[in-house]
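Let us take a friendly walk through this structure, from its inside to its surface. Here it is, ready to explore.

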Amino acid sequence: MDPSGLRTFGVDGASPQGAPVWKGGVSWLPALAGAFVCVILMRIGFLGFFFLVPMGFVAALWNTSTAWVSVLAAMASHAGIGLGLSLIIPLVPRDFALDILYFGVMVSAFVWIIRPPEGGPGFLRIRAAWRLTLGAAAGVSLFMGIVSSAGENSGVAAFVRAQAELLSSLSIESSGSDAARRSLLEQYLSPERIREMMTALILRGGGLASCMLVFYISRFITLFLAGLVRRDRAWPGLREFHVHPWLIWAFSLSLGIILLSRLVKWQVPEIAAWNVFAACVLMYFAQGAGIARHFLTRRPVSPGLRLFVNIAIVFAVLSPGLNGILFGALILLGIAEHWVPLRVLKQEGPPSTPAA
């Protein structure tokens, strides 16, 4: 069994060179099982973060028809559970329809990320990184549309208010017995201000970056599990990731538009530029992480040293301040590769000479 299909599929986003594990028509059992697990995970608290993985697993190991049948089955199951719960909790038709639409967009986008169509227009088979970015943009745009159009009495608005009140309460309680600090926090970290800051952060790239990370983590888990099934541990990683050279122009232009828009108070161009900037930053972070991984894995490393390096990385990521320095360093490293070929392997030993 040739595993190159899965690897090629994950790295460059093209159609798999090898056939999936199971070929033919629709495989109904995995399609329905993937949909069932997806919907169950969606309904189980913190496990909802992984609800995309079953759909990606089906898309990675079965054919395109099976993957999209699984998407339709998941949407139907999600709607059926919602209708069943309406017997207990009153159902608002508009919110119910928007919830189904958002769920369908997220699941469809992730299946497209894992397995683009083998036929049809060429733009549907762009690189995986761009599919991930466009899928995240679609999900965030729909989510923000739902939030902005929802009334103050909607469930979404109630959830946002609850989160803002919780953050405000935790911030104020952290002041302890310092009356002056407490008064200042009550003034500047009221629930209303926190809601405004949350909305501004989500609009200005925070929502897009979060959705991209959800897609990336789900994709990584999906390909890891699919690699175990195919007994192929060499799933695609960041070490092979490269951005296009023109991305530096998008990065520079978006930064310039942000600065200009803030000067002239243009909100719409500023919000658009912030989202482009956030996508570029994540791309360069991924490239910087790939460069770091390239240098860490280029030469044989003892298990003890490898364990120490991994622990140090985890410590740096979890440490406030250090994580910002690490994040910034990897971004600069990724940008630097536009001018310095950091992942070009040096030839060891004397060059070969032609035979006499």
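Ser70 touches Ala31, Gly34, Ala35, Met55 and Val58, leaving out residues up to four places away in sequence; contact here means heavy atoms within 4.5 Å. This is a predicted model, in which local features need pLDDT of at least 70 and side-chain atom pairs count only at pLDDT 80 or more, while totals for chains, interfaces and linings use all residues. Residues are numbered from 1 along each chain as its sequence is written, and side-chain values use heavy atoms, with hydrogens and water left out.

Ser70 is found in helix α4; helices are DSSP runs (H or I, at least four residues), numbered from the N terminus. Ser70 counts as buried because its relative accessibility is 0%. The terms work like this: buried means under 20% relative accessible area, exposed means over 50%, and partly exposed lies in between (1.4 Å probe, protein chains only). Ser70 and Val58 are 12 residues apart along the chain, and their C-alpha atoms are separated by 7.8 Å.

Which residues touch the most other members of the largest nonpolar core? They are Phe51, Met55, Phe103, Val107, Met212 and Phe215, out of 36 residues in that core. A nonpolar core is a set of buried Ala, Val, Leu, Ile, Met, Phe, Trp, Tyr and Cys residues joined through side-chain atoms within 4.5 Å. Helices α2 (28-42), α3 (53-61), α4 (64-85), α5 (93-114), α6 (128-149), α9 (191-229) and α11 (267-297) each supply at least two residues of the largest core. Of these, α5 gives the most, with 8 residues. Met212 touches Leu132, Thr133, Ala136, Ala279 and Leu282, not counting residues up to four places away in sequence. A second, separate core has 17 residues, including Ala129, Ile258, Ala273 and Cys280.

Thr222 lies in helix α9. Apart from neighbours within four places in sequence, Thr222 is in contact with Val53, Gly56, Phe57, Ala60, Phe110 and Ile114. Leu41 has its place in helix α2. Leaving aside neighbours within four places in sequence, Leu41 is in contact with Leu47, Gly48, Phe50, Phe51 and Pro54. Leu41 and Leu52 are 11 residues apart in sequence and 8.8 Å apart in space, C-alpha to C-alpha.

Here are some accessibility values together.

| Residue | Relative accessible area | Class |
|---|---|---|
| Thr222 | 0% | buried |
| Leu41 | 17% | buried |
| Cys38 | 0% | buried |
| Cys211 | 8% | buried |
| Leu213 | 44% | partly exposed |

With cysteines in the table, how many disulfides does the count come to? The count comes to 0 disulfides, where a disulfide is a pair of cysteine sulfur atoms within 2.5 Å.
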